[in-house]
Amino acid sequence: MSATVSGANVTATANVQASPQTTAEHAGICVRDASGEIWDFDKHTNHLISTTGTNLNGSTKAFDAGTYTYFVCLSVNNVWYQAGASQTFTVGHTTPAPSGSSYGDDALEQWSNAVANRNSQPATWVAWGDSFTEGQGASSRSDRWIDETLGSLRSTYPTTGTTGGAGYLPSFYATYAPDSTWMPFTSSGGSHSWEYWGGSLGNRIVNMSTGGYETFTVTGTSVDILYAQGAGGTFSYQIDSGAPVNVSTSGSYDPSSHVHVTFTTPGTHTVTVTGVSGTSYLEGLMVYNGDETRGIRLYDAAHTGATTDDFTSSMWDQAEITATAKADLVTIALGANDYLSGSETPAGVTANLQDMIESIRSKASTHSTHQPSVTVVIPWDFSAYGTINGYTWSDFADAIRDVAAADSSVALLDLTSTGSPAGVGGGLYATDGLHPSDSGQAAISAAAASFLD
């Protein structure tokens, strides 16, 4: 028995004998993915199995990326049998990665298997990063490269019966005018303030006192309202014009607390979160549209202006939330602000990224059922900004590369070839000449989707 893999297409053959010869109602090559889902090749019917051997040739079939178990299977007298030992084949990535990228030692295996099994379980991507990931330069949230990549993945790998929700909406975005003035909420007011610390994905959390509120307009089937437990205050949530429901945040500190709210009917709804008493800390909303338990999903864990030092100071909280979300993929796109602000050395960036990966893996071992695939990301080429505090962008890009070079279980997405900002406005660049415009976001998305495909 053997299987030949060509891109996403697989052809399997086998030879099986019977003594005495017999006729099988069905005979062929059965296939199971990592979660036991059936991917069988077409089977022969009323097939004679001779004493000298009968060939079973499954037609060529396309498979998602992942590792599969295959074996000869026969139905004789309406009883199914496995003939011989099982073997495995692996379908890798079908499109070339951007130049300079690396998959390490099958570093995306968990992600690939999750995508392959998306019809029966979630495939969850958590994107840590700075403005490059949060979407500075995009004219709307949906034009960000992470959202466009999510859409591309969902289009390439549709989930039966569901389109999927918007994903994680933080309590605020740190993006700025003139290009990116959008916010996740439709209205806010009262006694509340944005704060930049751990206990939330991307260090974005809202301090709510009595009367402070944020209203989100979402489309889907349900939401998780994420908050930090331990402040002791009480907040309420209200769906449309329904009665408010109080939630206490008393208890031991827990940055990964949440309450799940299912809508009475699928569709567009308002979700209003309001401070009732004391102090409460709202992190954001995870929006589902039929993808509560399956499908490809995205958590945005980015913050415009963030350095690797900013993230290491809060990495254990963020890693715990990431693990509670049961991430299958974590991308880390940090380091550009360390260079542009001169706040850290290249060696410091390497060490910080390695510390983040350690925190992600440590929390996954206690809060999740598996270890996520981890990818470090080099954004586009900032060489035009020259030498800052004695270092060039090439020094920092190499520092990010060093993380993947030192650990073959870490993948590298190198987006250097997508752009090299050096001027103001037009083309791939937003009005600040630094961040990607909508066109730039689309170019980055195309590169990222080819890497994750």
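Modeller: Begin with Pro96: its relative accessibility is 69%, and because exposed means over 50%, Pro96 counts as exposed. Keep in mind throughout that this is a predicted model.

Biologist: Where in the chain does Pro96 lie?

Modeller: Pro96 belongs to the loop between strand 8 (79-91) and helix 1 (109-116). Pro96 and Gln441 are 345 residues apart along the chain, and their C-alpha atoms are separated by 19 Å.

Biologist: How many helices and strands does the protein have?

Modeller: The secondary structure consists of nine helices and 22 strands.

Biologist: Why does the radius of gyration agree with a compact globule?

Modeller: The general idea is to compare the radius with a rule based on chain length. A compact globule of 453 residues would have a radius of gyration near 22 Å, and the protein has 25 Å, which agrees. For the extents, the C-alpha trace spans about 85 × 60 × 40 Å along its principal axes.

Biologist: What share of the residues is buried?

Modeller: Buried is under 20% relative accessible area. In this protein 54% of the 453 residues are buried. The accessible surface comes to about 16800 Å², and carbon and sulfur atoms hold 49% of that surface.

Biologist: What do the contacts say about sequence separation?

Modeller: Take the contacts between residues at least 6 apart in sequence; 75% of them join residues at least 24 apart.

Biologist: Which residues have the most contacts inside the largest nonpolar core?

Modeller: A core is read as a set of buried nonpolar residues joined through their side chains. The largest one has 70 residues, and those with the most contacts inside it are Trp111, Trp128, Ile332 and Trp393. Helix 8 (residues 393-406) gives the most to this core, with six residues.

Biologist: Which residues does Trp393 touch?

Modeller: Leaving out residues up to four places away in sequence, the contacts of Trp393 include Gly335, Ala336, Tyr339, Ile378, Trp380, Phe382 and Ile400. Pro379, Asp381, Ser383 and Gly386 are also among the residues it touches. There is a second, separate core of 25 residues, which includes Ala138, Met208, Tyr237 and Leu282.

Biologist: Next, the backbone. Which peptide bonds are cis?

Modeller: Read omega. From Ser19 to Pro20 the bond is cis, with omega near -5 degrees. Pro20 sits in the loop between strand 2 (9-16) and strand 3 (22-32). Another cis bond joins Ala177 and Pro178, where omega is about 5 degrees. Pro178 is placed in the loop between strand 10 (167-170) and strand 11 (187-189).

Biologist: And phi: what is its value in Asn78?

Modeller: Asn78 has phi near 65 degrees, a positive value in a residue other than glycine. Asn78 is in the loop between strand 7 (66-76) and strand 8. With a relative accessible area of 68%, Asn78 is exposed.

Biologist: What is the phi of Asp240?

Modeller: Asp240 is not a glycine, yet its phi is positive, at about 55 degrees. Asp240 lies in the loop between strand 15 (234-239) and strand 16 (245-248). Its relative accessible area is 33%, so Asp240 is partly exposed.

Key. Residues are numbered from 1 along each chain as its sequence is written. This is a predicted model: local features need pLDDT of at least 70, side-chain atom pairs count only at pLDDT 80 or more; totals for chains, interfaces and linings use all residues. Side-chain values use heavy atoms; hydrogens and water are left out. Helices (H or I, at least four residues) and strands (E, at least two) are DSSP runs, numbered from the N terminus. The radius of gyration is taken over C-alpha atoms; the globule rule is 2.2 Å times the number of residues to the power 0.38. Buried means under 20% relative accessible area, exposed over 50%, partly exposed in between (1.4 Å probe, protein chains only). Contact means heavy atoms within 4.5 Å. Accessible areas come from the Shrake-Rupley method with a 1.4 Å probe; for residues, only the protein chains shown count as cover. A nonpolar core is a set of buried Ala, Val, Leu, Ile, Met, Phe, Trp, Tyr and Cys residues joined through side-chain atoms within 4.5 Å.
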